[in-house]
Amino acid sequence: MSASAQKHDYLVFVERFQPLHNGHLHVMRRALSAGRKLIVLVGSSNAARSPRNPFTYDERRDTILAARGAIEAAPDRIIVRPLPDFLYNDRAWIAHVQRSLDEALTEDGGSERASVGLIGHSKNKSSYYLRMFLNWDAVDVPTQHGALNSTDLREDYLRRAPRISAAPRSVLPRPARFSPASCWPTPSNGWSGRQSSIAA
């Protein structure tokens, strides 16, 4: 799609990327075909390592940036920012998303009148956030990867059996550098509680 045919100046993609997979890359490609730039907000950026959050924000940011070649994106077309959790406080979470967008636009030299949309895939009840920003267009991207989801992929990583076909080899964390033991609840890593069954 040519620049003149792109509907949005910026499209915002909110996900946890635990881990990044081909379904995410499909959404990112669609975003870059429909918008001039993509702002990726990495959720749960303040979460400690756990079975549900095995990768830190820095690791996920680096993985997303490494994927630019796989989706043929120019380096300056993808902006990545952290998005912390605000448990049981949607109002605070929405305010932080808006603040993150404002900061990204300021740093990028974008106009306050820039056209903004929220892009994602409505997979289940966890995707309700796509309808929370009434001032932004909601762009729903149909899946091309069936039931591919991060929950199953995390379990594969914890078993040290990553599915190479689930994402480009160049952006998959190396099993040799991945330590499943660091994700389990111990006094040393400060994590407590049970593994969540919620897909993300």
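1. Salt bridges. Seven salt bridges are counted, a salt bridge being a side-chain nitrogen of Lys or Arg within 4 Å of a carboxyl oxygen of Asp or Glu. This is a predicted model, in which local features need pLDDT of at least 70, side-chain atom pairs count only at pLDDT 80 or more, and totals for chains, interfaces and linings use all residues. Residues are numbered from 1 along each chain as its sequence is written, and side-chain values use heavy atoms, with hydrogens and water left out.

2. Lys7 and Asp137. The closest N and O atoms of this salt bridge are 3.8 Å apart. Lys7 lies in the segment before strand 1 (8–15) and Asp137 in strand 5 (residues 137–140), so the pair ties together parts 130 residues apart in sequence. Strands (E, at least two residues) and helices (H or I, at least four) are DSSP runs numbered from the N terminus. Lys7 is exposed at 60% relative accessible area, while Asp137 is partly exposed at 34% (buried is under 20%, exposed over 50%, partly exposed in between; 1.4 Å probe, protein chains only).

3. Helix 2. Asp58 and Arg61 both lie in this helix, three residues apart, about one turn. Their salt bridge has its closest N and O atoms 3.2 Å apart, and a network of salt bridges links Asp58, Arg61 and Asp62. Asp58 is partly exposed at 42% relative accessibility, as is Arg61 at 26%.

4. Confidence. The average pLDDT (the predictor's confidence in each residue, from 0 to 100) is 80 for the chain, and 74% of the residues score at least 70. Over residues 186–200 pLDDT stays under 50.

Definitions and conventions: Contact means heavy atoms within 4.5 Å.
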